[in-house]
Amino acid sequence: MITGKKKLFKDVNMLDGPILSRMIIYTVPLMISGLLQILYNAADVAIVGQFGADKKLSLAAVGSTGALTNLIVGLFMGLGTGATVVVSKYIGAGEKKNASETVHTSVVTALFFGVMLSFVGVGLAKPLLALMKSPDTVINLAALYIRIYFIGLPMIMLYNFGSAILRAKGDTMFPLVVLIASGIINILLNLLLVIVFKLDVAGVAWATVASQTVSAILVMIHLSGLPEDDCCKFYIKKLRVHWDKLGRIAAIGLPSGLQGVVFSLSNVLLQTAVNTLGDTAIAGNTAAANIDGFIYTACNSVYHASVAFTGQNYGAHNVKRIKKVAQSSYLIVFVIGFVLGSIALIFADPLLRIYAPGEENIEVRANGLLRLQITAMLYFLCGMMEVSTGLLRGMNRSVIPMIISIFGSCVFRICWFYFVFYPFDYFRNLFWLFVSYPISWILTMSVEFLMFVLVFRKLSRQEDRSLADAAAV
């Protein structure tokens, strides 16, 4: 978006000046954008929970799909993080041609994998839900929702890659403007299709697809309208795969995606365990998970900030500044996680009533409250874990956090489910399921923070030696 020669949306300078204030300026629009994205699903869940054909079954059907869609999409969404890191590094190093080639490779990658995953999701929706032991009462509605959702996946992927490119150059304001517009469209279409046209679960799915399509189109128009000297400007005629750039994106993005898959897989395992406890447990977990999702998304915005800031300074060989990026990131994510977690717990009952209103849903709300009591106040631990991952990834270390996450989250939770939850009647309840979350956060965060310290010290020593050699010459 350009007005004359003056930019309407200014990029945040990540290489010079104060860190904390600029990270806040960068993070706040990103956080609001993430919250608006979560609002899509929250609106879906809340509207079908209040106006669906069968309120409890519709709520359970939509809610039970989240872990599965995240599992399938997560691997390739990680490539978006790879694009952010690679573009950030080239911008920091002043390599405009390489940055431009990465941008156009990213767009092709988004469309290709979006179309491929669309076919996979539509074809395997019901068998995958059956593997998750979705109850017979909700599996058909859940499969319908997933199939429609995956029809729109190419646009979802395109928007996420486009916004990843904008994050790399320091622009988080335009994606916020886009998501305000598409969020309004999503909610209005939800109300229209569910209340007026009685489309129930299908209505909220089509509303999500339509709003994400608007987001993708607006972001690509914006990238096309950037100034000629902007290395992130998009040209249709330059669309092609630069294999060396794809390799760099994949080197960062695939481990990032696999890490996302690991987290999603552990959530699938938890959802599978919840499914064995019946419709009421599913509905309660769904309502609380949506509230948790707002906290996680806000914390995750700091992860994206740490990736971009670290990536640009790593590319500029400004290692000392990365320490300040880390300090600011941990401080911001602690404040966000603690404050939002406290708010979620204090206002738990009215928030849960949005998803499960009425006296008939007392037990549903009780199950949701149990999850919030265990997770909400400790979500800052999850945020600090994410920030540690972002710092490592920005320093071009993507495999390390993936391996740590596999053991700290997936392997730990598998052991928890199959050696604690399933074998013993005493532990086969929601409380012992939800307790696995904060324990896994603490384990994973501790090891990732230690690895960040070790990698940072290694890079600092290398930089000191380089400066000493340069001075000697």
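Among contacts in the chain between residues at least 6 apart in sequence, what share joins residues at least 24 apart? The share is 84%, where a contact means heavy atoms within 4.5 Å. The model is predicted, so local features are described at pLDDT of at least 70 and side-chain atom pairs at pLDDT 80 or more, while totals for chains, interfaces and linings use all residues. Residues are numbered from 1 along each chain as its sequence is written, and side-chain values use heavy atoms, with hydrogens and water left out.

**Figure 1. Overview of the chain.** The chain has 17 helices and two strands; these are DSSP runs numbered from the N terminus, helices being H or I with at least four residues and strands E with at least two. The C-alpha trace spans about 75 × 45 × 35 Å along its principal axes. A compact globule of 473 residues would have a radius of gyration near 23 Å, and the 22 Å of the chain agrees with this. That radius is taken over C-alpha atoms, and the globule rule is 2.2 Å times the number of residues to the power 0.38. Of the 473 residues, 57% are buried. Buried means under 20% relative accessible area, exposed means over 50%, and partly exposed lies in between (1.4 Å probe, protein chains only). The accessible surface comes to about 18800 Å², and 70% of this surface belongs to carbon and sulfur atoms. Accessible areas come from the Shrake-Rupley method with a 1.4 Å probe; for residues, only the protein chains shown count as cover.

**Figure 2. The largest nonpolar core.** This core has 133 residues, and those with the most contacts inside it include Tyr 26, Leu 153, Leu 223 and Phe 452. Helix α10 (residues 279–315) gives the most to the core, contributing 14 residues. A nonpolar core is a set of buried Ala, Val, Leu, Ile, Met, Phe, Trp, Tyr and Cys residues joined through side-chain atoms within 4.5 Å. When residues up to four places away in sequence are not counted, Leu 223 touches Gly 162, Ile 165, Leu 166, Cys 232, Lys 233 and Phe 234. Lys 233 also places its charged end over the ring of Tyr 235, 5.3 Å from the ring centre. A charge sits over a ring if NZ of Lys or CZ of Arg is within 6 Å of the ring centre and within 35 degrees of the ring normal.

**Figure 3. Aromatic pairs.** The structure holds 15 aromatic pairs. Rings of Phe, Tyr and Trp (its six-membered ring) pair if their centres lie within 6.5 Å; planes under 30 degrees apart count as stacked, over 60 as edge-to-face and the rest as tilted. Tyr 149 and Phe 150 form an edge-to-face pair, with 5.6 Å from centre to centre and 80° between the planes. Both Tyr 149 and Phe 150 are buried. The pair of Tyr 379 and Trp 441 is tilted, because the ring centres are 4.7 Å apart and the planes stand at 50°. Tyr 379 lies in helix α14 (residues 379–394) and Trp 441 in helix α17 (residues 436–472), so this pair ties together parts that are 62 residues apart in sequence. Tyr 379 is buried at 8% relative accessibility, and Trp 441 is buried at 3%. Elsewhere, ring pairs link Phe 412, Trp 416, Tyr 426, Phe 431 and Trp 432 into a cluster.

**Figure 4. The surroundings of Val 435.** Val 435 lies in the loop between α16 (430–434) and α17. This residue is buried, with a relative accessible area of 15%. Leaving aside neighbours within four places in sequence, Val 435 is in contact with Ile 374 and Trp 416. The C-alpha atoms of Val 435 and Thr 375 are separated by 7.8 Å, although the two residues are 60 residues apart along the chain.

**Figure 5. Two loop residues with positive phi.** Lys 198, in the loop between α7 (173–196) and α8 (200–224), has a phi near 55°, a positive value in a residue other than glycine. Lys 198 is exposed at 64% relative accessibility. Asn 396, in the loop between α14 and α15 (399–421), has a positive phi near 70° and is likewise a residue other than glycine. Asn 396 is partly exposed at 36% relative accessibility.

**Figure 6. Leu 57 in helix α2.** Leu 57 lies in helix α2 (residues 55–63) and is buried, with a relative accessible area of 18%. Apart from residues up to four places away in sequence, Leu 57 touches Thr 137, Val 138, Leu 141 and Asp 279.
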